[in-house]
Structure formats: C-alpha cells, structure tokens
Amino acid sequence: MTVTAVLAVAIFVAALLYSSVGQGGASAYLALMALAGIEPAVMRPAALTLNILVAGIGTVRYVRAGFFSWRAFAPFAAASVPLAFVGGTLVLPGALYRRVVGAVLLAGALHLFLPDRKYSGGTPRRPPPWLAVLLGAGIGLLAGLTGVGGGIFLSPLLVLTGWATIREQAGIAAAFILINSIAGLAGVLGRAGSLPPPVYLWAGAAVAGGLVGTELGSRRLGPVAMRRLLAVVLGIAGFKLALT
C-alpha cells in the first residue's frame, strides 16, 4: 500500500471520529500527514479541503437536528472569515510553520483528552458581541494560517463559558469550521493555484467518514476512549513538529 492509500484509510477514521463531535478533523489530518512526512505545501490545502467536506456534512445534519444557534454563531463568524482568508495568503517559513502547527495539534490533543462537559441547563448566556468578534478574529487568523477550521478552539470556549449548550456547540463549530476553511482555502489557492493531486483520493475517504460520524453524532454516540487514543496521535505529532 502506498503512503497516499494508507493515509486515506486513516483519514476515514479521523473524519468519522471528529465529525461525531462537530469537528472537521483538520488537526488530525495535519497530524497524520506530518507523521507520514508530507510536505507543508501539501498539508495546508489538503487539510482545509477535507475540513470543508466533513464540516459541510456536519453543518447540514446538525442544523437539521436543531443543534445550532445563529445568535451565538454570527459574531464569531463575522470577524473570523476575513482573517481566515488573510491567514491563508500568508506563508510561514518551514520551521516556524511546523512549530505553529505543532502547537495547534497539542491544543487539539488537550481538547480531546478533556472529559465532555455537560451544560448545566437553562438558556445559554451569549457573549458580548465585541468579545465574540475579537475572539472570532483571532481564531480565524490562526485557522487560515495553519490549515485548521478553528473548531478545536471554539468548541471548548463555547461550552466552558456557558455560551452554548453541548448540543449547540456541535452545530456552531461545524458551521464555523466550514466558513473558515472555505476562506482559508481561497487564500491558499490564490497563491498555489490548484490542489495537490493526493487530495482527491483523501476527499472520498473524508466524505465517507463524515457521513458515518455525523450520523453517530446526531444520536449522541461519543467514543470517548477512541477520541483519547486519537489525542495521543495528535500529541506525538505535535511534539514532533514543535521540536524539529
């Protein structure tokens, strides 16, 4: 089996696991590509493309299930989209890129290791619009710069602050990842011009995994042990990138 084919299988599993909790899976795709020795020039557009596919599926399914709040989503999205595009146009030196992505992967690993926090009940309190805009801008810039959709930062923020219920955060995160990934990829392609060929095979695997994962997620099936195992992979790749 070639590296491309092996990665397709791993991407299917990652898409399944991540989409079941409202995530696009870019941090996992980046980890897998890093472990396989894929070049940074391929990693970012590939991760963004797969994110768009998986988060697109998640957005449709979670919104239809009622796991979404426009009021919570809008201020974060308004500032994140333009800065995700700006981040996509920037190219960091190879060593700096690896360190930034390594930090992002470690953040993703931490998020997966944390136990699910159940919202205590009642109506969520929404963040002040100015604060949501500021936070959305920062997450959007990092999303475009590194090739992730920003959901690994937004989801715990929404839940731990009580700004969204545990169900709402899945739909909000999926939509947030979708729009930021589209903006980030537009910025990347403005410089690169086209997607690297392996992306097309990986895209099929990601779509299949996203369809299965969002079906599980809509029924609240949370594979906690498998999420933590995946967090180990993220942590290893994060340290590998951050220390090289």
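Helix α7 is followed by Gly162, whose phi is positive, near 75°. The model is predicted, with local features needing pLDDT of at least 70 and side-chain atom pairs counted only at pLDDT 80 or more, whereas totals for chains, interfaces and linings use all residues. Residues are numbered from 1 along each chain as its sequence is written, and side-chain values use heavy atoms, with hydrogens and water left out.

The protein chain contains 10 helices and zero strands, in the order α-α-α-α-α-α-α-α-α-α along the sequence. Helices (H or I, at least four residues) and strands (E, at least two) were taken as DSSP runs and numbered from the N terminus. Of the 244 residues in the protein chain, 52% are buried; buried denotes under 20% relative accessible area, exposed over 50%, and partly exposed the range in between (1.4 Å probe, protein chains only). The accessible surface of the protein chain is about 10,200 Å², and carbon and sulfur atoms contribute 72% of this area. Accessible areas were computed by the Shrake-Rupley method with a 1.4 Å probe, and for residues only the protein chains shown count as cover. Among contacts in the protein chain with a separation of 6 or more, 88% are between residues 24 or more positions apart, a contact being heavy atoms within 4.5 Å.

Within α7, the buried residues are Gly151, Ile152, Leu154, Ser155, Pro156, Leu158 and Val159. Ser155 belongs to this helix, which covers residues 151-161, and is classed as buried because its relative accessibility is 2%. Its side chain makes a polar contact of 2.8 Å with the side chain of Gln169. A polar contact is a pair of N or O atoms within 3.5 Å; within protein, one must be able to donate a hydrogen and the other to accept it, and residues adjacent in sequence count only if both atoms are side-chain atoms. When neighbours within four places in sequence are left aside, Ser155 is in contact with Gln23, His111, Gln169 and Ala173.

Two salt bridges were counted, a salt bridge being a side-chain nitrogen of Lys or Arg within 4 Å of a carboxyl oxygen of Asp or Glu. One of these joins Arg61 to Glu215, with the closest N and O atoms 3.8 Å apart. This pair links distant parts of the chain, as Arg61 is in helix α3 (residues 40-64) and Glu215 in helix α9 (residues 198-218), 154 residues apart. Both side chains belong to partly exposed residues, with relative accessibility of 29% for Arg61 and 31% for Glu215.

Arg126 forms a salt bridge with Glu168, the closest N and O atoms lying 3.4 Å apart. Arg126 is in the loop between α5 (94-113) and α6 (129-146) and Glu168 is in helix α8 (residues 166-192), so this pair ties together parts 42 residues apart in sequence. Arg126 is partly exposed at 22% relative accessibility, whereas Glu168 is buried at 13%.

Phe12, Val13, Val212 and Leu216 make a nonpolar surface patch of about 260 Å². Patches consist of residues with over 30% relative accessible area and no salt bridge, like charges being joined within 9 Å and nonpolar side chains (Val, Leu, Ile, Met, Phe, Trp, Tyr) within 5 Å. Helices α1 (3-19) and α9 each supply at least two residues of the nonpolar patch. Val212 is located in α9 and is partly exposed, with 36% relative accessibility.
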